[in-house]
Structures are given as structure tokens and as C-alpha cells.
Amino acid sequence: MTTTLPAYDEVVARYEPVIGLETHVELGTRTKMFCGCPTDFGGEPNTRVCPVCLGLPGSLPVANKAAIEAIIRIGLALNCSIASWCRFARKNYFYPDMPKNFQISQYDEPICVDGYLDVEVDGELVRIEIERVHLEEDTGKSLHVGGATGRIHGATESLVDYNRAGIPLVEIVTKPIPGTGTLAPVVARAYVTELRDVIRTLGVSDVRMEEGSLRCDVNTSLNRPGEEWGTRTETKNVNSLRSVERAVRSEMLRQASVLDAGGRITQETRHFHEDTGDTTPGRSKETATDYRYFPEPDLVPLAPDPSWVAELKAALPELPRVHRRRLQERWGLSDLDMQSVVNAGAVELIEQTIAAGATPAGARKWWLGELSRRANETGVELAAVGATPAQVAELQRLVDEGKLNDKLARTVLEGVVAGEGSPAEIMSNRGLGVVSDTGALTAAVDEAIAANPDVAAKVRGGKVAAAGALVGAVMKTTRGQADARTVRDMVLERLGVEG
Ligand SMILES: [Zn+2]
């Protein structure tokens with residue numbers, strides 16, 4: 001079924017979006033949540049399992065203290081209250097990706113509640129309220145093979161890998177976020193970005209969306225102004241920051257077209273498709289009663305010592321927003337300039353480029369210019385564009401030393417992004433570099449003057465601007481590998497004119 005979607009501007013003129021985000025973060029603990037199995041990514045299927053995480057009869061779980069410490073630190077960084085007493089809950093469900101047929105989670109007694117995270121959007125601070133942060137165990141992975149799509153429909157067989165089952169997982173749930181209007185998709189992305197940065201700063205997870213250690217479900221609903229909030233859908237499979245923004249936007253457009261036609265929104269989970277940017281329906285959403293939660297009888301309650309919580313709070317590192325403000329001061333950037341650095345996702349990249357020896361201006365120029373343009377064109381995150389901070393610092397050094405001019409540096413950078421090696425290697429392999437041999441340049445300048453006697457006469461007669469044509473001719477002979485300013489000085493000197 002193909003329907004024509006309304007324009008985004010019209011949608012936000014007629015409807016108010018309410019968004020909400022549920023983010024799952026796999027903790028980087030050495031062992032699983034309730035057993036001693038290792039957690040590192042990428043082992044042979046079903047090699048990191050034991051009776052506890054396979055739920056074999058007679059096995060008993062024991063909570064991982066490092067995971068509890070990590071979630072308390074996340075809760076504190078998100079300004080939450082930490083429960084002095086709470087319990088794990090058993091969530092019953094029957095999918096093959098959880099061998100026990102239940103998952104240990106938290107239900108009505110989460111360990112962290114009522115927090116917030118401030119995010120900057122277009123220079124404004126938006127406070128995102130956090131409803132809860134709780135701890136649970138991750139599920140295994142199902143692999144459906146033999147079909148065209150990798151989905152269960154059309155597959156000839158399904159395989160399960162329980163290596164991931166039991167890895168500690170933190171779920172961070174926002175309260176509904178109304179009032180963002182046209183900015184809803186951008187706010188969603190800014191929140192997940194800030195949350196990722198906070199968690200990375202805490203050092204409790206590598207928060208890699210592409211490897212699934214940070215996963216995001218996006219809730220979206222629309223209502224007409226003055227009316228109650230609409231029915232929400234929950235979009236899954238959102239695997240990049242860019243996709244968070246696209247998923248909200250795409251769901252707003254889809255819901256508006258349903259509502260415009262007099263239809264109703266079904267409460268359901270939907271799958272986001274990276275390739276088309278669309279969502280398609282998944283299963284209709286379970287409700288809490290389907291899961292028949294009850295307090296987990298195999299575990300003792302969690303009662304973190306308040307003095308331990310206070311110690312963890314006192315030891316929190318400087319959080320990203322404070323850190324960014326300090327960098328902004330050190331780099332001497334205006335609010336607007338810093339905002340563009342943040343929006344481009346370039347803070348850390350620039351920081352590392354400066355650490356590798358570049359000046360703030362030099363680092364910013366490449367990441368926000370050439371490399372941002374390329375990232376946008378190819379639809380990848382800036383960090384994945386193909387250049388490293390060390391390479392960018394080297395490129396800028398070659399420019400500062402006069403070995404590359406701006407144009408050549410851009411060509412070298414193309415080579416870096418294409419994986420041809422370091423800037424110096426590319427210069428030598430491709431024979432790029434500013435001609436600094438004065439003899440060769442003098443010859444090229446003389447040749448250009450001889451070939452363009454009328455232009456030379458004009459310049460001699462005082463029309464200094466005409467020298468541009470001679471500089472152009474020299475740049476052409478040297479295949480762009482000369483420093484244009486040096487060439488201009490040489491041309492003027494040769495013609496006996498003051499620059
Ligand atoms: Zn295990």
C-alpha cells in the first residue's frame with residue numbers, strides 16, 4: 001500500500017507530537033548479571049553459557065555487584081533518587097531468545113527514579129525528565145535463516161545464540177516529552193546523544209549503537225492542539241543517532257496521514273528500516289499483565305548502603321555538558337560556534353585532534369568543513385567518516401609547514417577517507433605537495449609572463465588585479481601544487497610592481 005505522506009511542516013502545524021524514549025544500555029562488566037560467564041562481544045555461539053544463564057533446574061542467580069554500582073552511578077549522573085530498598089522482578093514470557101522462559105528485571109520497584117537530563121537544542125536547554133532507570137538481564141539472539149529478509153517470515157529455520165543472555169542491561173525510560181513541536185525529532189536525537197555521552201563518560205559501557213550495546217526504542221504519538229495525547233507506537237531497531245531522528249519524523253508523518261484520513265492509531269511496536277527510513281508494524285504491544293510480574297524469589301532484595309551511594313556520587317566524573325563548557329572556553333568559541341561543533345558530533349574528535357597537535361581553529365576547520373560535508377553526503381556519523389584525529393592533525397601540520405596548500409590538502413584528505421594511508425604517505429604516493437623549488441617556480445612565472453604579454457603590460461601599468469591571470473597560469477603549469485600567495489608575490493616582483 002502506498003499513500004502519499006503529508007509535508008512535515010503541515011503535520012506540525014496541525015498536530016502536536018509527544019515523544020518518549022526507552023534506551024537499553026549493555027553494561028561493560030566482565031561477567032554476566034547473575035552468573036560468572038564472560039560478556040565480551042563476538043564469541044562462537046553458545047560458548048558463553050552456564051546452568052544459571054540457561055536457567056537449568058537447581059541453578060541459582062547471584063547479582064553482580066559491579067553492575068549494581070554501574071546503574072547507581074548512571075542514576076546519580078541522571079539526577080535520580082536511588083532507592084534504599086528494592087527488588088528484582090520476574091517477567092514471564094515465552095520467546096526462544098530467553099532459555100528460562102522468564103527474564104529477571106525490575107518492575108514496580110526500580111532502583112533509580114525521578115531524574116532528568118538537560119540537553120541543548122538550538123542553543124536552548126531542554127529538560128528531559130527521566131521516569132526510571134532499572135536493571136535487567138539481556139536476552140539471547142535469534143537468527144532466522146533461509147528467507148529473503150532475515151525476518152521470521154519466509155525463514156526455513158531459526159537459530160538461537162545465548163551468549164548475550166544474562167548480560168547486564170540498564171533500561172532508561174523518559175517520561176512523555178510534550179511540547180517540542182517541530183523539534184521533536186531533533187530533541188529525540190539530542191537526548192540519545194547526550195545520554196550516550198554521559199554513559200561513556202562514566203565508563204560503564206562502550207555504548208556502541210552499531211554493536212547493539214546502546215539500543216533505543218522511540219515512542220511517538222500525535223494529538224490535535226487542545227486534545228488529549230494520542231495513541232503511541234513504539235519503534236524498535238533504531239540503530240544510530242541519525243535513525244533516532246528519522247524514526248520520529250517518519251512515524252509523525254505516517255500517523256498524520258492515518259489521522260488525516262479519519263483512521264485510528266493502533267498501539268503496537270513498529271520496526272524501523274535503515275534503508276527506506278520507514279517503519280512497518282511488528283507485534284501488537286504486550287501489556288504488563290501479559291508478563292505476570294512477581295518479585296523474583298531467587299534473589300535477595302537490593303538495599304544499597306546510603307554511605308556507599310554518597311561515595312559514588314562524590315566520585316562522579318565531570319559530565320559532558322560541564323566538560324563542553326570548559327572546552328568552549330579553552331578553544332575560544334562563541335556559543336553558536338560551539339553549538340555547531342556539538343551538532344556535528346565533533347566535540348571529541350576535535351578534542352583528540354588538538355591533543356594530537358593541531359590548533360583549535362585547524363581541527364575545527366577540517367571536521368566541520370570537508371569531513372562534515374562528506375559525512376552528510378554519505379549518511380554516516382562523523383566519527384565513522386574514515387579519517388582519524390591523528391590524520392587530521394597531521395594534515396593540518398603539513399599545511400602549516402607550507403608543504404600543502406588548501407586545495408592539495410583537500411585532495412589528500414579524500415585519499416585519507418578512501419583509506420589510502422596517512423597524509424604523508426598519500427602525498428608521496430600520489431606525488432602531491434607544494435612546489436617549493438624556487439628555480440622551478442621562477443621558470444613557470446617567467447613562462448607565464450612571456451605567454452601573456454598584454455596581461456603583463458596591464459600589471460606593469462598599475463592594474464595589479466590583472467596579475468590573477470598570471471598566477472592562474474602558473475598554478476596550471478604546476479598542477480595546482482604551488483602556494484598561490486607565493487606565486488603572486490613572485491609575479492609582482494618580476495614585473496617590478498609593489499603588491
Ligand atoms: Zn552463565
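Start by selecting Cys86 and Cys112. The sulfur of Cys86 lies 8.2 Å from the closest cysteine sulfur, that of Cys112, which is too far for a bond; a disulfide is a pair of cysteine sulfur atoms within 2.5 Å. The structure holds zero disulfides. Cys86 counts as buried, at 0% relative accessibility. Buried means under 20% relative accessible area, exposed over 50%, and partly exposed in between, with a 1.4 Å probe and protein chains only.

The model is predicted: local features need pLDDT of at least 70 and side-chain atom pairs count only at pLDDT 80 or more, while totals for chains, interfaces and linings use all residues. Residues are numbered from 1 along each chain as its sequence is written, and side-chain values use heavy atoms, with hydrogens and water left out.

**The zinc ion**

Next, select the zinc ion. Its protein donors are Cys35 (SG), Cys37 (SG), Cys50 (SG) and Cys53 (SG), 2.3 to 2.4 Å away. Donors are N, O and S atoms within 2.8 Å of the metal (3.2 Å for Na, K and Ca); water is not among the atoms, so sites may look incomplete. Along the chain, the donors of the zinc ion follow the spacing C-x1-C-x12-C-x2-C. Helices (H or I, at least four residues) and strands (E, at least two) are DSSP runs, numbered from the N terminus.

What is the arrangement of the four donor atoms around the zinc ion? The angles they subtend are 101 to 116°, which makes it tetrahedral; four donors count as tetrahedral if all angles lie between 85 and 135 degrees. Cys37 is buried at a relative accessible area of 6%, and Cys53 is buried at 4%.

**Strand S1**

Now select Glu26, which lies in strand S1 (residues 16-26). Glu26 is buried, with a relative accessible area of 13%. Show its contacts (heavy atoms within 4.5 Å): among the residues touched by Glu26, not counting those up to four places away in sequence, are Asp138, Arg164 and Arg215.

**The open sheet**

Select S3, S4 and S14. These three strands form an open sheet in the order S4-S3-S14, with antiparallel pairing. Two strands pair if DSSP finds at least two bridges between them. The edge strands, S4 (102-105) and S14 (294-295), each pair on one side only. Strand S3 (residues 89-92) is joined to S4 by four bridges.

Move to strand S12 (residues 268-272). Why is S12 largely enclosed by the rest of the structure? Five of its five residues are buried. Glu268, Arg270 and Phe272 are on one side of S12, Thr269 and His271 on the other. Strand S11 (residues 233-238) runs parallel to S12, joined by three bridges; Thr235 has Arg270 in S12 as its bridge partner.

**Helix H16**

Finish with helix H16 (residues 467-477), where Ala467, Leu470, Val471, Val474 and Met475 are buried. Seen down the axis of H16, the buried residues fall within an arc of 140°, so they line one face of the helix; the arc is that of the directions from the helix axis to the C-beta atoms. They pack against helix H14 (438-451), helix H15 (453-460) and helix H17 (484-494). Just after H16, select Arg479, which takes a positive phi of about 50°.

Note on methods. Four donors count as tetrahedral if all angles lie between 85 and 135 degrees; four count as square planar and six as octahedral if opposite donors are over 155 degrees apart and all others between 65 and 115; anything else is irregular.
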